[in-house]
Amino acid sequence: LSISDEIAEGSGRSIIGFSLLDALNYCRDSLISFGGHENAAGLSLKRNYISKLRELMSEYSNYIGLKSESKNTIDIDFMINDIELNFANTENIGKLAPFGNGNRAPVFSISKAELFEIRKIGRTGKHLKMLFKIGDRFFDAVSFNTAFYLPLLKPGNQYDIAFIPEINEFRAKRNLQLIIKDIRFCIDDNIS
């Protein structure tokens, strides 16, 4: 959740066996708005209802019998820095192709990537095109089927990102593009 004035806005991703939309519906009396689907959703609420939301989500988890060890993770193969994110390394990764079942593309992560620009793309507008500043350089990024996150991602904020780097060639131009697999939003555990 990020807070502006007295309103908290945020999003969540779920784990197998836990419908985030059903959980938010259970908490609806504490929320201003919410929407999404079983696996991911966005929400807004008054700041002073954050503790109540935590209580209700915990209550709902217990009600459906969710085990505390249940988790949804993304496997990160390497944490890299802006210097290592380059054409030569991306080309070397490409030599491991073809990627698919049994040979997944390696996933990388970088901390504190500054979101510079963001917009919807695609025929139906369900994907996001982003521009991140990492170190002193800018990188194009695409995130598929995540347009519902648009109101929650703010240019100027920093995010930890998990991605697959690729070289995009278009009209005789090559650029290094990040295929976003996940974004970790800023979370402040001291918010009550």
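Q: Is Y149 buried or exposed?
A: Y149 has a relative accessible area of 5%. Buried means under 20%, exposed means over 50%, and partly exposed is anything in between (1.4 Å probe, protein chains only). So Y149 counts as buried.

Q: What kind of model are we looking at?
A: Residues are numbered from 1 along each chain as its sequence is written, and side-chain values use heavy atoms, with hydrogens and water left out. Local features need pLDDT of at least 70, side-chain atom pairs count only at pLDDT 80 or more, and totals for chains, interfaces and linings use all residues, as the model is predicted.

Q: Which residues have the most contacts inside the largest nonpolar core?
A: A nonpolar core is a set of buried Ala, Val, Leu, Ile, Met, Phe, Trp, Tyr and Cys residues joined through side-chain atoms within 4.5 Å. The largest one here has 26 residues. The ones with the most contacts inside it are M130 and I161.

Q: Which strand supplies the largest share of this core?
A: Strands are DSSP runs of E with at least two residues, while helices are runs of H or I with at least four, and both are numbered from the N terminus. Strand 6 (108–121), strand 7 (127–134), strand 8 (137–143), strand 9 (158–170) and strand 10 (173–184) each supply at least two residues of the core. The largest share is 5 residues, and it comes from strand 6.

Q: How many residues are in the second, separate core?
A: This other core includes L20, L24, L43 and I50. Its total is 15 residues.

Q: In which sense do strand 9 and strand 10 pair?
A: Strands of a sheet pair through backbone hydrogen bonds, either parallel or antiparallel. Two strands count as paired if DSSP finds at least two bridges between them. Strand 8 and strand 10 pair in the parallel sense over 3 bridges, with V142 facing I179. Strand 9 and strand 10 have 11 bridges, and their sense is antiparallel.

Q: Which residue takes a positive phi in the hairpin of strand 9 and strand 10?
A: Along this pairing, E166 stands opposite Q177. The hairpin has 2 residues between the strands. The positive phi, near 50°, belongs to R171.

Q: With which side chain does the side chain of D160 make a polar contact at 2.8 Å?
A: D160 sits in strand 9 and is partly exposed at 21%. A polar contact is a pair of N or O atoms within 3.5 Å; within protein, one must be able to donate a hydrogen and the other to accept it, and residues adjacent in sequence count only if both atoms are side-chain atoms. A polar atom of the D160 side chain lies 3.1 Å from the backbone nitrogen of K112. The 2.8 Å side-chain partner is R184.

Q: What is the strand order of the open sheet of 4 strands?
A: Its pairing is antiparallel. The edge strands, each pairing on one side only, are strand 1 (2–4) and strand 3 (33–36). The order is 1-2-4-3.

Q: Which residue of strand 2 stands opposite S2?
A: Strand 1 and strand 2 (residues 7–13) run antiparallel and are joined by 3 bridges. Opposite S2 stands E9.

Q: What is the angle between the planes of Y26 and Y60?
A: Rings of Phe, Tyr and Trp (its six-membered ring) pair if their centres lie within 6.5 Å; planes under 30 degrees apart count as stacked, over 60 as edge-to-face and the rest as tilted. The structure holds 6 aromatic pairs. Y26 and Y60 form a tilted one, 5.3 Å centre to centre. The angle between their planes is 45°.

Q: How many residues apart are Y26 and Y60?
A: Y26 is in helix 1 (residues 20–26), and Y60 is in helix 2. Y26 is partly exposed at 34%, whereas Y60 is buried at 10%.
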